Amino acid sequence: MQQTYAQTHINKDAKKYFQAATQIIDKGTFKDDQLNTAIENLKKAYEIDSSFSDISLYLGIAFYYQKSYTVADQYFLKYKSLTKKFTDDYFLFGGIVKYKLTDNISAQEHLQYYLNAIVGGKFKDSLARRNLQLSKQSQTLMSKILPSKKESYGIINTEPFLTTKSL
């Protein structure tokens with residue numbers, strides 16, 4: 001996940017904690033207590049400036065990695081309330097969290113938007129291999145979420161997945 005220009009507009013101390021945490025989380029692999037350290041730094045940044053949406057996003061991702069899915073979902077909801085421009089990580093990790101919380105309809109919506117965005121080239125990420133790998137994981141989860149022939153969740157409208165306004 002690239003750090004945005006908006007980071008320059010947050011409190012200097014919050015920015016320091018935020019950057020220290022994102023460097024750890026962006027790696028995706030953690031040694032010893034690195035994830036806990038990242039979460040502590042993000043919480044400090046959040047206490048200083050809870051209006052900066054990326055802090056909520058990263059807290060959601062960090063708690064996803066910690067397998068605290070309910071907490072992760074709360075931070076993703078906060079992120080959603082603070083921004084109009086969603087990242088691919090929001091849809092991917094948010095979708096997986098929804099799946100883990102057995103909210104299959106929301107999980108499907110998140111993951112479908114993520115897959116559509118990848119196919120449509122909407123998310124310009126220099127880490128194309130990472131996106132391809134995550135896309136395969138999303139497709140696997142989608143196959144688990146989709147109803148079998150014996151059950152149905154009703155017809156799901158795919159049109160809203162073409163815009164972020166639907167979420």
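A residue counts as buried when its relative accessible area is under 20%, as exposed when over 50%, and as partly exposed in between (1.4 Å probe, protein chains only). By that rule I25 is buried, because its relative accessible area is 4%. Welcome to this predicted model, in which local features need pLDDT of at least 70, side-chain atom pairs count only at pLDDT 80 or more, and totals for chains, interfaces and linings use all residues. Residues are numbered from 1 along each chain as its sequence is written, and side-chain values use heavy atoms, with hydrogens and water left out.

**Confidence**

- The protein chain has an average pLDDT of 77, where pLDDT is the predictor's confidence in each residue, from 0 to 100. A score of at least 70 is reached by 66% of the residues.
- Helix α4 (residues 69-82) has the highest confidence, at a mean of 96, and helix α7 (residues 128-145) the lowest, at 63. Helices here are DSSP runs (H or I, at least four residues), as strands are (E, at least two), and they are numbered from the N terminus.
- Residues 1-7 stay under 50 in pLDDT, and the model gives them 16 contacts beyond four places in sequence; a contact means heavy atoms within 4.5 Å.
- Residues 149-167 are also below 50, with 25 contacts in the model beyond near neighbours in sequence.

**Helix α2 and its buried side**

- The buried residues in α2 are L35, A38, I39, N41, L42 and A45. They lie on the same side of α2, because they cover an arc of only 165° around the axis; the arc is that of the directions from the helix axis to the C-beta atoms.
- Among the elements covering these buried residues are α1 (12-25) and α3 (53-65).

**The nonpolar core**

- The largest nonpolar core holds 37 residues, and those touching the most other members are F18, I25, L42, I55, Y64, F76 and Y90. Such a core is a set of buried Ala, Val, Leu, Ile, Met, Phe, Trp, Tyr and Cys residues joined through side-chain atoms within 4.5 Å.
- Two or more residues each come from α1, α2, α3, α4, α5 and α6 (104-120), and α3 gives the most, with 8 residues.
- I25 is found in helix α1. Beyond four places in sequence, I25 is in contact with F30, A38, L42, Y58, I61, A62 and Y65.
- I25 and Y65 are 40 residues apart along the chain, yet their C-alpha atoms are separated by 8.9 Å.
- L42 touches F18, A21, I25, I55, Y58, L59 and A62, leaving out residues up to four places away in sequence.

**A salt bridge and a buried serine**

- The count comes to 1 salt bridge, defined as a side-chain nitrogen of Lys or Arg within 4 Å of a carboxyl oxygen of Asp or Glu.
- D73 and K98 form a salt bridge, at 3.0 Å from N to O. This pair links distant parts of the chain, with D73 in helix α4 and K98 in helix α5 (residues 88-100), 25 residues apart.
- D73 counts as buried because its relative accessibility is 13%, and K98 is buried too, at 12%.
- S56, in helix α3, is buried because its relative accessibility is 0%. Not counting residues up to four places away in sequence, S56 touches Y46, Y75, K78, Y79 and L82.
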